[in-house]
Amino acid sequence: MAVLARARKTELDEIVARLGGLPDHVVLKPAETGTVMVEARAGGTGRRFNMGEATMTRCVVRLADGTMGFAYALGTDRPKALVSAVLDALLQSSSDAGLHDDIAALARAQTEARQLALRKAAATKVDFFTLVRGHD
Amino acid sequence: MYVAVKGGEAAILATHDLVAEMRRGDTSVPEVSTAQIREQMSLAVARVMNEGSLADADLAALALKQAQGDAIEAAFLMRAYRTTLPRLGSSQPLDTAAMAIRRRVSATYKDLPGGQVLGPTYDYTHRLFDFGLTGTSDAPPSAMPSDVALDTRMPRVPDILGAEGLMEPETPPEGDPRPFDLTRDPVEFPADRDVRLQALARGDEGFLLGLAYSVQRGFGGNHPFAGEIRMGEVPVEFVPEELGFAVDIGDLTVTECQMVNQFKGSKHVAPQFTRGYGLAFGHAERKAMSMSIVDRALKGRELGEAASYPAQQDEFVLYHSDNVEAAGFVEHLKLPHYVDFQGELELIRRLRRELEERIAREAVESGVLPKAAE
């Protein structure tokens, strides 16, 4: 679900296209955008407080075989929420190796993007050196 | 006094058209897209998300475009839109220690575990115009990555001092209570820290910057050190009712500031460092720093300090930090007050008439006739 939440709609569409379209499903909770109140802690570890809200979109579906699929993701993309929920259900019920490979590839790409950002940040890490007086 | 008046509808419709034209500006210049604003004006977008109290970069970019770049008007649009959305619940408290760090500096420790990571910052630029930006570039700028990535878990600096017992601990109160929500319940004073932090998080950057500056200049008596500033992505976890366990719903970019202050101790508290906390959506360092200084100033009561200055008075700070409320009250003055003003005018005229009549009466009684009567 974390991988689907971070995926772009176009990436999910490509996976769905390879599957030959979305399988039959019943929408139990239509894609709906609301907010989630983001909590944090004072000092990072202390008392909880409400930092502010964020948009969140959710969707719940059921496949013909009864498997339920859920989507919860930041943002307002309702079409993506529906596709995510169906894919979430498929990932539980289907042993389609291609689908699982596609999601694994998506997860790898997300990890690589994160690693690249961490490597770019690492390039700005300060190497301190101490200036020593000459007469010592 | 409010009196219903009609009229002005045609004028209002015409002003909508005119403001749309003014927003678009010279039509020979290409129109800016909301995606361009989101990507290329991201610090303005962060400000609108914070003061609009709604983390959504696409909506904040739209708000900025619609408001012609007016940050407070854009925040107002965000607040108004928020009220149309159902609240689906609260997230798990963010774990900023698990941040994928893009910037992390400390002014208190040179050699801290994980190191000083400058990240993207204007701090070391020369503030000279780059006239190259007046045109467009075919070659996108690219930053060279290092071979080795940063650690994904870097200790927060106050936690290092905390291990020595020199730092005021930050632990949840008994039972880890749900935080107060000022969007749902009226604020009462004295306000607890969760109320204050929520108000500061959505407070106006300029107002908080001014208050923080006042504290530093002596109107608050704290000498702060930037213990740590970190910026990067944190995962948000949410527990849906249907599932009953936490799911990761994506990343938010946040900026956190832990300000460290000297504290000489009081009758009940040993000398130690105390802390102020700032947390903001997006890359919003000035906001997070200002918030942390004001948070510390407002903690004075808990530490037995006198509240002698504005930044130490929760009622003053919390009632005046919200720029949507402040702008609403200041700017409502430009709306028609014809009837109120007529009332005032009548009052002033009557008082002047009464004064003149009294002077004339006293003159007659004292035997000195006014000149006109001679």
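**View 1. R275(B) and its partner Q258(B).** In this predicted model, the side chains of R275(B) and Q258(B) make a polar contact at 3.2 Å. To find R275(B), look along strand β6 of chain B, which covers residues 272–281. R275(B) is buried, yet it has no salt bridge. Its nearest side chain of opposite charge belongs to E170(B), 4.1 Å away.

**View 2. S91(B) reaching over to chain A.** Here the side chain of S91(B) comes to 3.0 Å from the backbone nitrogen of E39(A). On its own chain, S91(B) sits in the loop between β2 (87–90) and β3 (100–105) of chain B.

**View 3. A nonpolar patch on the surface of chain A.** Three residues make up this one: V26(A), L28(A) and M68(A), with about 220 Å² of accessible area together. Take L28(A) as your landmark, in strand β1 (residues 25–41) of chain A. With a relative accessible area of 37%, L28(A) is partly exposed.

**View 4. Two buried cysteines, C59(A) and C257(B).** C59(A) is buried, with a relative accessible area of 1%, and C257(B) is buried too, at 0%. How many disulfides are there over all chains? The count comes to 0, going by a limit of 2.5 Å between cysteine sulfur atoms.

Notes: Residues numbered from 1 in each chain as written. Chains lettered and ligands numbered in written order. Predicted model: local features only at pLDDT ≥ 70, side-chain atom pairs only at ≥ 80, totals over all residues. Heavy atoms only, no water. Helix = DSSP H or I, 4+ residues; strand = E, 2+ residues; numbered from the N terminus. Buried < 20%, exposed > 50% of the residue type's maximum accessible area, 1.4 Å probe, protein only. Lys, Arg positive; Asp, Glu negative; His and termini not counted. Salt bridge = Lys/Arg side-chain N within 4 Å of Asp/Glu carboxyl O. Polar contact = N/O pair within 3.5 Å; in protein donor to acceptor, adjacent residues only side chain to side chain. Patch = residues over 30% accessible without salt bridge, like charges linked within 9 Å, V, L, I, M, F, W, Y side chains within 5 Å. Areas by Shrake-Rupley, 256 points an atom, 1.4 Å probe, with all protein chains shown as cover.
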